[in-house]
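Please look over the aromatic side chains before reading on. My notes on them are below.

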Amino acid sequence: MSNRAVELKSVSWCESISILLEFLHDGNPNVRQLALGHLLGYTIKSSQLQNIFKQNNMRPIKDLKSICREDPIVAHDAFKALVNLTSDDDEICKELNDDSFLQLMIKMTVDNGVILADMACMLLSNITKYQDIAIKLLKLELQVVEGLSSSTKAINQLVDVFVKGVNRAYNKEAEFHFLASVFANLTMLPQGREYFLTNASYDNVTPLSKLIIFTEHPNIIRRGGVISCIKNCCFAIEHHLDMLSPSKINVLSYILLPLCGPEEFDLDDMEGMPEDIQFLPSDKKREPDAHLRQTLLESLVLLTTTRQGRMILRQKKVYPVIRQMHLVEQDENVSIVVEQIVNMLMRDEGSEENDHDILETTRSEHLDSGNDNTIEEI
């Protein structure tokens, strides 16, 4: 086919799509549903036609937002289209930055009778990469949801549904795994880290302490988002002692557990080690994903940026765990981070002024971990 023929064919497709887009705001719901069904394939990145949905001052995006409020069968495709279109487009994310639509997504997530709750979670995981939406979500207030949360803060409700909704216990149609990616995005912001590391007024529990139990969850989206959230929170140096305290957040055990395999430790090594990792079963599996192992290790690096942090990690016998892991590690990038931890734990302590240099170096080397589970196509 000649270049001219390809060009004409492309123009023909664009004209056809433009015509279909007009039917998204037709008065007949059946027509809207039919048009959306034909358009769905063009919302994926590989179609290279995503920009056409931004025509006429974002009218197609506005129409899709409106369709999200319709019958679940039609709304499902509208959510699917928006998830595809927000995978890598700040302009479209910005268009979704309106209070009414954000409230709709939160309400659909926390209402235990909504069958599209997981679709709302997926869309939230994409658009909270956009800082203005993330900040708005942290401040958003809604009505109390009976049977879920006594808090009016939207973020508290999302944390509660993430915990209570595991294994479809809250909503039989939803698993809420993608909320972990939302939390990872929020903790890229200082105010997000502060939220997750501060006791909530409605239940006096630190939100991060509710999440850390999922670092070994079988679903990689859930555990991956939580692991990224932990690493991001480790950038809040002023909260390190609370994070490491067994009577407070107690994050160390949940960082180390995924890094442990079936290897046994010597009795001398186990002295002072967190009880949760002392006697592990012979079939214990180490985190299989290299990127997540690296993220867990980078969390430990961040926790060594202060003298007190290094002392605690030594007392808790982190080194033997890392040593055992290093013996079987095959990923070069992971091994590099292991060596950084060993250097930090085995180093001679100099003057306290050196801690500032360590902190700045560590910050620059281990950047915040956002949502690595951006949904590009469903």
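This is a predicted model: local features need pLDDT of at least 70, side-chain atom pairs count only at pLDDT 80 or more; totals for chains, interfaces and linings use all residues.

1. Five aromatic pairs are counted in it.

2. Start with Phe 162 and Phe 214. Their ring centres are 5.3 Å apart, with the planes at 75°. Edge-to-face requires over 60 degrees, so this pair is edge-to-face.

3. Where do Phe 162 and Phe 214 sit in the chain? Phe 162 belongs to helix α9, residues 154–164. Phe 214 is in the loop between α12 (207–211) and α13 (220–233). The two are 52 residues apart, and their pair links distant parts of the chain. Both Phe 162 and Phe 214 are buried.

4. Next, Tyr 170 and Phe 176. The ring centres lie 6.5 Å apart and the planes meet at 50°, so this pair is tilted. The cut-off for buried is under 20% relative accessible area. Tyr 170 has 13% relative accessibility and therefore counts as buried. Phe 176, at 0%, counts as buried too.

5. Which residues do ring pairs link into a cluster? The members are Phe 162, Phe 183, Tyr 195, Phe 196 and Phe 214.

6. Finally, check Arg 222. Its charged end sits over the ring of Phe 162, 3.8 Å from the ring centre. Arg 222 also lies over the face of Phe 214, at 4.7 Å from that ring's centre.

Technical notes. Residues are numbered from 1 along each chain as its sequence is written. Side-chain values use heavy atoms; hydrogens and water are left out. Rings of Phe, Tyr and Trp (its six-membered ring) pair if their centres lie within 6.5 Å; planes under 30 degrees apart count as stacked, over 60 as edge-to-face and the rest as tilted. Helices (H or I, at least four residues) and strands (E, at least two) are DSSP runs, numbered from the N terminus. Buried means under 20% relative accessible area, exposed over 50%, partly exposed in between (1.4 Å probe, protein chains only). A charge sits over a ring if NZ of Lys or CZ of Arg is within 6 Å of the ring centre and within 35 degrees of the ring normal.
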